[in-house]
Amino acid sequence: MSSIAVVPGSFDPVTLGHLDVIRRAAAIFDEVHVLVVHNPGKTAMLPISERANLLQQAIDEDPTIPSNITIASWSVGLLVDYCTEVGATVLVKGIRSQIDIAYETPMVLMNRSLANVETVFLLPEPGHAHVSSSLVRQVASLGGDVSDYVPTAVARYLETTRPA
Ligand code: PNS
C-alpha cells in the first residue's frame with residue numbers, strides 16, 4: 001500500500017522554509033499532498049486560490065522538488081476530512097523552534113483523536129529558522145526585499161502587488 005502524507009498550512013505566502021519541508025516529505029512518502037487550508041485563527045493576506053497558485057508555480061519552477069507532489073486547497077470542513085477523502089494517514093509539519101512544538105501539539109492530539117491521523121515533525125535547514133509567512137508579509141509590506149526567504153514566483157508577485 002502506498003503511503004500518502006498531507007503537508008497542510010496557510011502558505012500565506014509559501015516560503016523557502018515550507019519548500020524545504022515539502023522536499024523532505026516527498027523523499028519519505030510515496031505521495032505528498034500539499035494542502036492550502038483556512039486557518040480559523042488567522043486573517044489571511046491572500047485568498048486561498050492565490051496561495052495555491054503561487055505554491056504550484058514555486059514547485060513547477062524548482063527542479064529539486066520531486067514529482068510525487070499534488071497541490072490542493074481545503075476551505076470548508078476539517079483537515080482530517082481531506083485526509084480521509086484522499087486516504088492519507090499522516091500529516092507533516094515543519095518545526096523551527098520550541099514555540100512551534102507548543103503551537104502544534106494540541107492540533108496533533110486533536111487530529112489523532114478525531115480521525116486517528118498521526119503527525120510527523122520535520123526540521124527544515126536551520127538557515128530557514130527565522131523565516132515565517134507573517135514576517136515575510138511584514139517585510140514586504142514595508143518595502144523590504146524578501147527574495148532570500150521566498151520562491152522566485154512569490155517574490156515576483158509581492159513586488160507587483162505590495163501587501164497591506
Ligand atoms: O500554516 P498554519 O497557519 O500554521 O497552518 C495551520 C492549519 C491551517 C494547518 C490549521 O489551522 C488547521 O489544521 N486548520 C484546519 C481546521 C481543523 O481541522 N481544525 C481542527 C483540528 S486542529
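Start with the ligand and select the residues around it: Gly-9, Ser-10, Val-37, His-38, Asn-39, Lys-42, Leu-78, Leu-79, Tyr-103, Met-107, Met-110 and Asn-111. Keep in mind that this is a predicted model. Coloured by class, the shell around the ligand shows 6 nonpolar, 5 polar and 1 charged residues.

A polar atom of the Lys-42 side chain lies 2.7 Å from an oxygen atom of the ligand. Move to Leu-79, where a polar backbone atom is 2.9 Å from a ligand oxygen. Then select Tyr-103: an N or O atom in the Tyr-103 side chain is 2.9 Å from an oxygen atom of the ligand. On its own the ligand has 550 Å² of accessible area, and the protein covers 83% of that.

Select helix α4, residues 98-115. Helix α4 gives the most to the shell around the ligand, with 4 residues.

The ligand sits in the largest pocket, which holds about 1100 Å³ of space. The lining has 45 residues, and those closest to the pocket centre are Gly-9, Ser-10, Lys-42, Tyr-103 and Glu-104. To trace the lining by element, select β1 (4-9), α1 (16-28), α3 (79-86), β4 (90-94), α4 and α5 (133-141), each of which gives two or more residues. Here too α4 gives the most, with 8 residues.

Finally, colour the pocket lining by class: the residues divide into 22 nonpolar, 16 polar and 7 charged.

Note on methods:
Residues numbered from 1 in each chain as written. Predicted model: local features only at pLDDT ≥ 70, side-chain atom pairs only at ≥ 80, totals over all residues. Heavy atoms only, no water. Near = heavy atom within 4 Å. Polar contact = N/O pair within 3.5 Å; in protein donor to acceptor, adjacent residues only side chain to side chain. Areas by Shrake-Rupley, 256 points an atom, 1.4 Å probe, with all protein chains shown as cover. 1 Å grid on protein atoms, 1.4 Å probe; cavity = no way out; pocket = protein on both sides within 12 Å on 5 of 7 lines; lining within 4 Å. Sits in = over half its atoms within 2 Å of the grid points. Nonpolar A, V, L, I, M, F, W, Y, C, P; charged D, E, K, R; others polar. Points joined across faces, edges and corners; volume = space filled by probe spheres on them.
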